[in-house]
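Please follow the account below with the sequence and the coordinates side by side.

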Amino acid sequence: MDILSERLSHDPFLADASHSVLTRITAIRTVAEIFHSYDDLEPEQRAHFNQTLMRESERLAESATEIFNFLERGSAGRRAVNPAEEVDDLLYDNNNYFPELEERAEGLRKAVDPDGGLFLTDLILHLEAHHDVHVERLPSEELPSRGHYWNPERRIFQLSRALPITSSRFLAARLICRLEAAEEIEAVVGRAHLTSETARERAAEALISYTAAALLFPYEAFREAALDLRHDIEMLQQRFAASWEQVCHRLTTLRHPGREGVPFHFLRTDIAGNISKRFSASGLQLPRYSGACPRWAVHEAYLTPDRLVTQYVRLPDNTTYLFVARAVRRGGGGYWAPQAVHSVMIGCDTAFSKDIVYADGLPLDNPDAAVPVGIGCRQCPRVDCLQRAYDQAEPALEGGTT
């Protein structure tokens, strides 16, 4: 521990990152002091300082995220424990944004449907006409539980009739991207730090889904609609014929430099609390090796499936966030057909609350009204929490003992 502490204290990345964080904090504090001391600012001046405050807040969040990522992986890009974590690292290292895949999706969209509708019929017709793929809609009992099957040798793509149209459409888009964006996806996988064939396969599948989302939900159109609708996810579902999870996931990929969307975090868990998807651009540290704080809305959403749960939370360091979660079901078919239940949560720093419809009505001006939460029990210092499952890990004491 002493050797590790010594190495980290002299690491050049941490030195630069610490300087960046302190610079951002100083800028934010300066603007806050101006707002506190001067009530008679002209509208143009106030707007200028507001823009400065937002810009520096975003940069502070980015710097903090970089530090968290560094500490998770180590300065030398520590090998992740398993393939899933390596794919997580790939997404974090690229800020969940891949410009070459966005560009490829733009070209595919024009080829599939120049009119821009991209209905399921358009996708199927493109597969049949350009790839000689025969698409079949079959009863759910004739297919695997995931509801679809692709046979590349026979060029047969089968979809369950029980799948919702949003899922069928996304699966058809994935197949188009698998067949037509393989070169771009392979280039991204090839330059990533992946140590096994399993990790490379998982990364390719994740990037196929990324490209499919970019195909169905065009970057600029989706970003503008999100801003116009104040990120009303259900309205975005209707406008883009998408599922809740598809919209939430696409919102986290709007990270084009200079044309960014709101920096969101995204978390998906199963009913046992296992985390299956995670990404954070908001500055919120998401747990990697254990369950998330039991007070988070991602867990409460299971109490009211298919209904939204909004939450205003405060972390031990007094940062505040807006959480929005919803429990969703997957699967379908008859009485005996298995189903999967997940909770999908998206959120952001409350600094962006004016752009989020779910913030309306929440007492954001009263920090005491926020739900006190942590990241996970072992890291959380809240000793009076009735939801605590584990004691806080004891901090290291002077002299190297615990």
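In this predicted model, six strands make up an open sheet in the order β5-β4-β8-β7-β6-β9, and their pairing is mixed. The edge strands are β5 (275-280) and β9 (371-372), each of which pairs on one side only. Here strands are DSSP runs of E with at least two residues, numbered from the N terminus, and two strands count as paired if DSSP finds at least two bridges between them. Strands of a sheet pair through backbone hydrogen bonds, either parallel or antiparallel.

The model is a prediction in which local features need pLDDT of at least 70 and side-chain atom pairs count only at pLDDT 80 or more, while totals for chains, interfaces and linings use all residues. Residues are numbered from 1 along each chain as its sequence is written, and side-chain values use heavy atoms, with hydrogens and water left out.

Strand β6 (residues 309-314) runs antiparallel to β7 and is joined to it by six bridges, with Arg314 standing opposite Thr320. The two strands form a hairpin with five residues between them, and in the turn Asn318 has a positive phi of about 75°. Strand β6 is also joined to β9, by two bridges and in the parallel sense, where Pro372 is the bridge partner of Arg314.

Strand β7 also pairs with β8 (residues 339-349), antiparallel and over eleven bridges, and Arg330 stands opposite Ala340 there. Because nine of the twelve residues of β7 (residues 320-331) are buried, this strand is largely enclosed by the rest of the structure; buried means under 20% relative accessible area, computed with a 1.4 Å probe on protein chains only.

Notes:
Buried means under 20% relative accessible area, exposed over 50%, partly exposed in between (1.4 Å probe, protein chains only). Helices (H or I, at least four residues) and strands (E, at least two) are DSSP runs, numbered from the N terminus.
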